[in-house]
Amino acid sequence: MKMTYPTQWKTNMTTGESVAAELRLQIIHGDIKAADCLTENQVAKQFNVSRSPVRDAFKLLKQDQLIRLERMGADVLAFGESERREIYDLRIMMESFAFLKIKQEERTTLAKEMRKHLEMMKVAVQFEDAEAFTEHDILFHEVLINATKHRYLLSSWNNIKPILLCLILLSMRKRMKEQPEDFKRIHENHEVYAQAVADNDTQLLKEAFHRNFDDVGDKINAMFLR
């Protein structure tokens, strides 16, 4: 079954951004395969739009390194386990950096804000709403990123965010159908993360990363060397 991008997430998008969102999700899910060729005419017909927003969509997907532009179209690049791990490597680096930059006096407030999103994630699970869960999961982690007020960190985060949204959404849609019991563990892991922020506890944050991300190994320890 071909995956579709949540309609409510496209409310404030341009036509080009909307087309890119749908194609991005389909590439990451594997509905569109590596080495497939996308033509402007084909995509314009598929989404009932002109070629101009398709060109805009292709530019965004090129920035995501999901396609290689060719004359009048694009070749789809591979997005598999290796690429997924690279995205999560970047995410861990960004969040580790943000954790170290947060001021001590802000930590209690930030942890409280994170827990608000965690409560909304729990509600989303009750209603089997993978879209709402994904939104609040991203917002949970963005609390630290935004608090740094670090312009280039924010820019880098926003560059990988569209792919992160797709990865989390696809994972949550699958888990809600096949592994609903796993959400108890996910909620506990996020609580450990929030507690680490509240206590300024680097070891606890490392534990949270190990709980949340597969195969992180010694990479986390290296990120906290000062």
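**Reading a pocket and a core**

The helix α7 gives the largest share of the lining of the second largest pocket, 7 residues.

Student: What kind of model is this?

Tutor: This is a predicted model.

Student: How is a pocket found, and how much space lies in the second largest pocket?

Tutor: Rolling a probe the size of a water molecule over the atoms shows where empty space is left. Here, the second largest pocket holds about 740 Å³ of space. It is lined by 28 residues, and the closest to its centre are Asp64, Asn159, Ile160, Pro162 and Ile163.

Student: Which helices each supply at least two residues of that lining?

Tutor: They are α1 (15-29), α3 (51-63), α4 (81-101) and α7 (151-178). By residue type, the lining of the second largest pocket divides into 14 nonpolar, 7 polar and 7 charged.

Student: How should I read a nonpolar core, and how many residues has the largest one?

Tutor: In soluble globular proteins, nonpolar side chains tend to be buried together. The largest nonpolar core in this model has 71 residues, and Phe58, Phe133, Leu144, Tyr193 and Val197 have the most contacts inside it. The helix α7 gives the most to this core, with 13 residues.

Student: Which residues does valine 197 touch?

Tutor: Leaving aside residues up to four places away in sequence, Val197 touches Phe99, Arg107, Leu110, Ala111, Met114 and Leu144.

Student: Is cysteine 166 buried or exposed?

Tutor: Cysteine 166 counts as buried because its relative accessibility is 1%, and buried means under 20%. Cysteine 37, with a relative accessible area of 47%, is partly exposed.

Student: How many disulfides does the structure hold?

Tutor: The structure holds 0 disulfides.

Terms used: Residues are numbered from 1 along each chain as its sequence is written. This is a predicted model: local features need pLDDT of at least 70, side-chain atom pairs count only at pLDDT 80 or more; totals for chains, interfaces and linings use all residues. Side-chain values use heavy atoms; hydrogens and water are left out. A disulfide is a pair of cysteine sulfur atoms within 2.5 Å. Buried means under 20% relative accessible area, exposed over 50%, partly exposed in between (1.4 Å probe, protein chains only). On a 1 Å grid over the protein atoms alone, a cavity is a set of points where a 1.4 Å probe fits but cannot get out, and a pocket is an open set with protein on both sides within 12 Å along at least five of seven lines; lining residues have an atom within 4 Å of a point. Grid points are joined across faces, edges and corners, and a volume is the space filled by probe spheres set on the points. Helices (H or I, at least four residues) and strands (E, at least two) are DSSP runs, numbered from the N terminus. Ala, Val, Leu, Ile, Met, Phe, Trp, Tyr, Cys and Pro count as nonpolar, Asp, Glu, Lys and Arg as charged, and the others, Gly among them, as polar. A nonpolar core is a set of buried Ala, Val, Leu, Ile, Met, Phe, Trp, Tyr and Cys residues joined through side-chain atoms within 4.5 Å. Contact means heavy atoms within 4.5 Å.
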